[in-house]
Amino acid sequence: MPAIEVAKLLEREKEVEALSSLIESVKVTPGNLAVIEGPPGIGKTRLLREAQEKAIKSGYHALIGRGSPLERTLSWGIVRQLFEPQLMRRDSKERRRLLAGAAEGAEIALYNISPQVPAGGDFSILHGLYWLTINLSYDHPLILLIDDLQWADVASLRFLKYALHRLDQIPVFVICSVRSGSGDYQDGAGADILNAIVADCDQVLTPRPLSLNATRSLTEEFEAKEPADPSFIKACHDSTGGNPLLLNRLLPLAAEHLNFTAKNSHQILQIGPQAVARHVAAQLSRLPSSATALAQAVAIIGDEAPLSYAAELADLGMSKAASLVASLQGANILSSAGTGETTTLQYVHPLVQATVYKNMAADVRESGHIRAAELLSEGGASAEKAAAHLLSIPLRDNPDHFAILRLAAGEASRRGSPDAAYVYLRRLVEYSAPKIERLEILIQTGLTAVLVDMQAASQYLLQAISLSEDSVQRARIAEPLARVLYARGEANNAISVCLREMKSLGPSEDDLRRRLHAELLFLSHAYPGYRELAIDLTSQARTQEPLDSEGGWMLDRMLAAIGSWQGEDLSGAVVHAQRGLPHKTQLAEASSGEACMAGCVCLLAAERSEAAGIIEASLAEARHHGYASVVGAIHLVRALARLWAGDLSGAEVDTLEAKSHLHETGYYLFYLHAIAFHAVALAHQGRLNEADDILKIPSDLPKGKHQYWLYDARAQLRRAQGRYEEAAAAAREAGLIFSELGCNNPAYIPWRSELALCLQASGDIQEAHEYAIEELDLARKWGSPRALGRSLRVAGLVSEGSIGLPYLEESVKVLEHSEAKLEYARALVDLGAAVRRSNHKKAARIFLRQAADLARQCQAKPLEDAALIELKVSGARPKRSASTGMEALTPSESRIVQMVASGLTNREVAQSLFVTPKTVEVHLSNTYRKLGIASRRELRNVTGQPDSHCRT
């Protein structure tokens, strides 16, 4: 991290004190991020160096990285700067330890290892790097120092954002410097991620320009015999704006040519803004032309330029170049590291490098980058490093350049950096290429854009489909194109593409035809305007014989989903789902994610036990293969499963994970589902203000499945807030959208019972009863316990007098052995209250105590409070203290207890559950308290595991 040497660190006491406090606080409150923001030359790098020195004195290990304009397209560039030195200085045994377990995924980013899965995923790499960070922090706290973050590559920015959301429990402190207006240095996803990182930081330090007094202090170091005139000092300050770098370049230049008198003030005003440029020009003019050539070569190559490489680019011999390094260092232009053949060069400040680079003639710069790319290719360097130079110049229709860029795109994809691959592919699209090769590039660019730039993906895939003359190839393009158009809200175009290409397929392409048929079923059921088409396509699909292929499975999954949405044939829908999900990891397949999820949710709505196994196996597979968007989607499905089961804290965790991955990858429709599920989980816990803050319903979205979940969540929240008219309106809107799509199953959206409760609260008992009975009929037709139990409960609540009691009793009976614990607790509360009102208080207490315990396990505080109030009214004296024993554990605590008792260490449990070791420690501490134990070995008394299984 080179810095221009200055005599003093002036007027930075406030910033240094803040950094010192943050460094010390990490030992108590881990996971801090500080950002130093300011214009070039304000002293950001110097403050980073100051932080580094203080952190090392406090026992930290420093990991250092620096962004640069040339290398911001390189895959994992900053990440490699941070971690490679840490691994290189360790022996092979220690490296294996650091990269063991979940950290193994980091190897793809750090080494030239081709993943054993299709290119494009990055989750396993991000999580692997995160665990590498954890492993490195076990011995010493870490400080990550990243200079010029505005020039970081997008993959490294993704890691930083991923890690920062999860570092709150490990001793890691991150300090980054960014230029003011840093978002302007990135575009697309890079700008969004960079802005999010800066917005989420704990503290932003903005060093101010130096004052006139500080300028006077600096001037004293360069004064001759006579003190500088005050007007001269003021001219120095005004002309540089108090910028430390400009002042430290201006003053030695002025001292060489001027007396510090008032009459020379006007010359300073002219020189000041160009102080760096003038200083560089003055210094280079004193050196031989070969020094300028070497400086220009380093400006082209970028940071940490090998001396041998710079010498060759400057057409200098190695010994000659080595002799010039000392002169350029003495001129405060370059700095060096290493010795002999390992010597590397870089500029003392990006502004100095930018000055040299800008002053080069355009043709010299262009030929320099071309020669640099050639040298790198000839020397066997990474294709990405060569491609970075080709991206720095105007396009030349050169086949060698085309080949380098294509290799770089493949290299970036294999390293799990689709962002970098996309940059190279976009340049490739601009080249003139034979039709077949151009078609391949367009398809590859479109598929890569799906991962990083959903808005642009359609234009490349549309170009590809119009260029192709092969019906099978067009149909294969149509599948991802339709998903992109759907994600963009262009249902009409998506359906048109699929219909056209499906009709063009020959009779031998049955599997591909079924794949498009399944896509059409999904699309036509997602929007109300295609109801007739949806009915026709569904009828056609149901007449086809099963096919044991991906297309056949996709069609079965969609038929399962449609059957469950309509709610008319549970057993038939389950058969289709089971046939369509022959492999437990199928949700992890990015190529058919929507249909897989729809089929799995059908099993959840039918309360089939195999759904949980499919979700867990698929999540493990997706994490291993690294598809971030698919990981987010599976978390979304698991959130829904946990929400329906009453595991509110687990559902909340899953929605947060889903929101993070889906938002970052541009899957905004699924992201809206996650918002809805998150709000419901919070509302049931009694955290109504938090739920209100996150529940937003965009008004510009077309009606579709992405909205009825939101309106359903809003209805539940507003009813919990006592805003019954708004709740009723939201329930009616959810029902309208749901019904327009041909969906009636209350296992998905119980809008009628929700509306009935709102109407009852508003005094409209008759209409409430009508809606409740209508939903009860639909729930009986579907037959799953959760939906039927809820409908029976609401029917009992809105029925007058003793008429409602049989409904409530049946509700409890139906739900007693169901996994829907929260719904069961509600039924017990309402039955207990009804029994208490009928003056059978002793019997009521049995239901109410059980309800309070279940609500407590679900962390549903409002429901627990309702049960406790009813208990008091019934004459009981309920205790608010948590129960002891296994039943008192939350679902998360229970999972961790079983894993620890089976013999896993805290670290192994954390890696398996994708949480931090500290989270495991906190859960175990709570568990010990609830179980009345003090050690891991005592877990055998409650789990039955032998002593030998309990490792520490």
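User: Which residue follows H2 and has a positive phi?

Analyst: One thing to know before we start: this is a predicted model. The residue you're after is Gly-59, with a phi near 95°. As a general idea, most residues other than glycine have a negative phi.

User: Why does Glu-607 count as partly exposed?

Analyst: The general idea is that partly exposed covers what falls between buried, under 20% relative accessible area, and exposed, over 50%. Glu-607 has a relative accessible area of 25%, so it is partly exposed. Glu-11 is partly exposed as well, because its value is 33%.

User: Back to H2. How many residues does it have, and how far does it reach?

Analyst: A handy check is to set a helix's end-to-end reach beside the span expected at 1.5 Å a residue. H2 (residues 44-57) has 14 residues and reaches 20 Å from its first C-alpha to its last, close to the 20 Å expected.

User: What do the buried residues of H2 pack against?

Analyst: Start with who is buried: the list includes Leu-47, Leu-48, Ala-51 and Ala-55, and also Lys-44 and Glu-50. Their packing partners are helix H1 (13-25) and the strands S1 (32-38), S2 (61-66), S3 (142-147) and S4 (172-179). For H18, the buried residues include His-369, Ile-370, Leu-375 and Leu-376. Those of H18 pack against helices H14, H15 (307-313), H17 (350-359), H19 (383-390) and H20 (399-414).

User: How do I read the way H46 and H47 pack?

Analyst: Check the angle and the distance between the axes. Helix H46 (residues 906-913) and helix H47 (residues 917-931) pack at about 110°, with axes 8 Å apart. That angle makes H46 roughly perpendicular to H47. At the contact, Asn-906, Val-909 and Ala-910 of H46 meet Pro-917, Val-920, Glu-921 and Leu-924 of H47. By class, this contact has 5 nonpolar, 1 polar and 1 charged residues.

User: And which residues touch the most other members of the largest nonpolar core?

Analyst: Think of a nonpolar core as buried nonpolar residues joined through their side chains. The largest has 307 residues, and Phe-83, Leu-129, Leu-132, Leu-149 and Tyr-748 touch the most other members. Helix H34 (residues 668-684) gives the most to this core, with 13 residues. Apart from this core lies another, of 19 residues, among them Ala-18, Ala-62, Ile-175 and Leu-205. Zoom in on Phe-83 and you'll see contacts with residues including Leu-63, Leu-110, Thr-133 and Phe-159.

Conventions: Residues numbered from 1 in each chain as written. Predicted model: local features only at pLDDT ≥ 70, side-chain atom pairs only at ≥ 80, totals over all residues. Heavy atoms only, no water. Axes fitted to C-alpha atoms, helices over the stretch in contact; angles between N-to-C directions. Helix = DSSP H or I, 4+ residues; strand = E, 2+ residues; numbered from the N terminus. Parallel < 35°, antiparallel > 145°, perpendicular 65-115°, else oblique. Contact = heavy atoms within 4.5 Å. Nonpolar A, V, L, I, M, F, W, Y, C, P; charged D, E, K, R; others polar. Expected span 1.5 Å × (residues − 1). Buried < 20%, exposed > 50% of the residue type's maximum accessible area, 1.4 Å probe, protein only. Core = buried A, V, L, I, M, F, W, Y, C linked by side-chain atoms within 4.5 Å. Lists of a residue's contacts leave out its neighbours within four places in sequence.
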